[in-house]
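Please read the following note beside the sequence and the three-dimensional view. The points are numbered and may be checked one at a time.

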Amino acid sequence: MKHSLIKALFGGVILSTAFSVAADDIYPSKTIKWVVPFTPGGAMDTMARTLGDKMSQSMKQPIVIENRPGAGGVIGSTMVAKSEPDGYTMMIVSIGHAVNPSLYPKLSYDPIKDFEPVSLVGVVPNILVVNPSVKANNVVELVALAKQQPGKLTFASAGSGTTIHLAGELFASMANIDILHVPYKGSAPAVTDLMGRQVDMMFDSVSSAKPYIDSGRLKPLAVTTNKRSSVLPNVPTVAEAGLKGYELNGWYAVFVPAKTPQPIVNRLNEELVKALKQPEVKARFTQIGAEPVGSTPAELAQYLKSETAKWAEIVRARNIKAD
């Protein structure tokens, strides 16, 4: 590819994956289990259910969502890693799949070797928001303020090791500033305390933060992706706003157990990409602040390797620990 995969992710265009499906005509011949390693109701769960519904119609077999939350996705991923590689167990994961090897030294599976990549399916931009009382109206002013008061500015997260936490740590590392991490048990209580001036800043999802931005209870400074969000097009990216090279993508992707036959992987990839093109799927993704994205298995494999290496360095340098 002439351009990096991640640049293509935010162009609003589903990547083409023209595979010749050579799988046996009888596949699938029974129910497919789709594991979501987090609780129902979140972006990951919504994506799986939306795509699963379209794929089951096309493949003429039920796709059943099974939520297996716990340990930042480790519990569900462990189960899938040990499942039969027959095409009847698949899973959706987030950026945490690339981060977990660094957070959990005794991880019972290898996120690269124990799974076959199928396709990227979506990205959810995060947005840097501050309490309106913070005397900074852009990223440059925020960095300057942090340098004037080392260790005094606080940033909330949905818990240690979450995407929201990693976004803040990457920001602090690249800006060379000392800000204090305050972990919460989820995004909602973190946002509540941010609006209540208990903490100063946060990298929340665009969909979660937008109502509070619209009402003036939070002040937006920048989005974390390398392209502006269609939901808040007037908000610059962190890179545009002064911290060049900063990029964090809240990505979601589908994998199956290692050694799943390639014709079956290709069939699932083809069905996923086809579903991502459906207007109803695009509309549902937009509702949760997500951008639908498709890729080839090879592109996803390459991307996972680069993300795993990137976050291993950040986790080590910032001494990030899991809850």
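1. In strand β9, Pro220 is the bridge partner of Val129. Strand β5 (residues 126-130) and β9 run antiparallel and are joined by four bridges. Two strands are said to pair if DSSP finds at least two bridges between them. Helices (H or I, at least four residues) and strands (E, at least two) are DSSP runs, numbered from the N terminus.

2. The model is a predicted one: local features need pLDDT of at least 70, side-chain atom pairs count only at pLDDT 80 or more, and totals for chains, interfaces and linings use all residues. Residues are numbered from 1 along each chain as its sequence is written, and side-chain values use heavy atoms, with hydrogens and water left out.

3. In what order do the five strands of the open sheet stand? The order is β7-β6-β8-β5-β9, and the pairing is mixed. Because β7 (180-183) and β9 (219-223) are at the edges with a single partner strand each, one side of each has no neighbour in the sheet. On average, neighbouring strands of this sheet are turned by 30° against each other, direction ignored.

4. Helix α7 (residues 187-195) lies across β5, β6 and β8 and runs at about 140° to β8. Contact means heavy atoms within 4.5 Å. Axes are lines fitted to C-alpha atoms, for helices over the stretch in contact, and angles run from 0 to 180 degrees between N-to-C directions.

5. How many salt bridges are counted? The count comes to nine, where a salt bridge is a side-chain nitrogen of Lys or Arg within 4 Å of a carboxyl oxygen of Asp or Glu. One of them joins the side chains of Glu280 and Lys54, at 3.1 Å from N to O. Glu280 belongs to helix α10 (residues 279-287) and Lys54 to helix α2 (residues 43-59), so the pair ties together parts that are 226 residues apart in sequence. Glu280 is partly exposed, at 46% relative accessible area, whereas Lys54 counts as buried at 18%. Buried means under 20% relative accessible area, exposed over 50%, and partly exposed in between (1.4 Å probe, protein chains only).

6. A salt bridge also links the side chains of Arg228 and Glu240, at 2.9 Å from N to O. Both residues lie in the loop between β9 and β10 (250-257), so this pair ties together parts that are 12 residues apart in sequence. Arg228 is partly exposed, with a relative accessible area of 39%.

7. In helix α9 (residues 262-276), Arg267 and Glu271 are four residues apart, a separation of about one helical turn. Their side chains meet in a salt bridge of 3.1 Å, N to O. Are these two residues buried or exposed? Arg267 counts as buried at 15% relative accessibility, and Glu271 counts as buried at 4%. Together with Lys274, Arg267 and Glu271 are linked in a network of salt bridges.

8. Finally, Ser83 is found in the loop between α3 (74-81) and β3 (89-94). Ser83 is buried, with a relative accessible area of 17%. A polar atom of its side chain lies 2.8 Å from the backbone oxygen of Met79. Leaving aside residues up to four places away in sequence, Ser83 touches Thr89 and Pro257.

Conventions
Polar contact = N/O pair within 3.5 Å; in protein donor to acceptor, adjacent residues only side chain to side chain.
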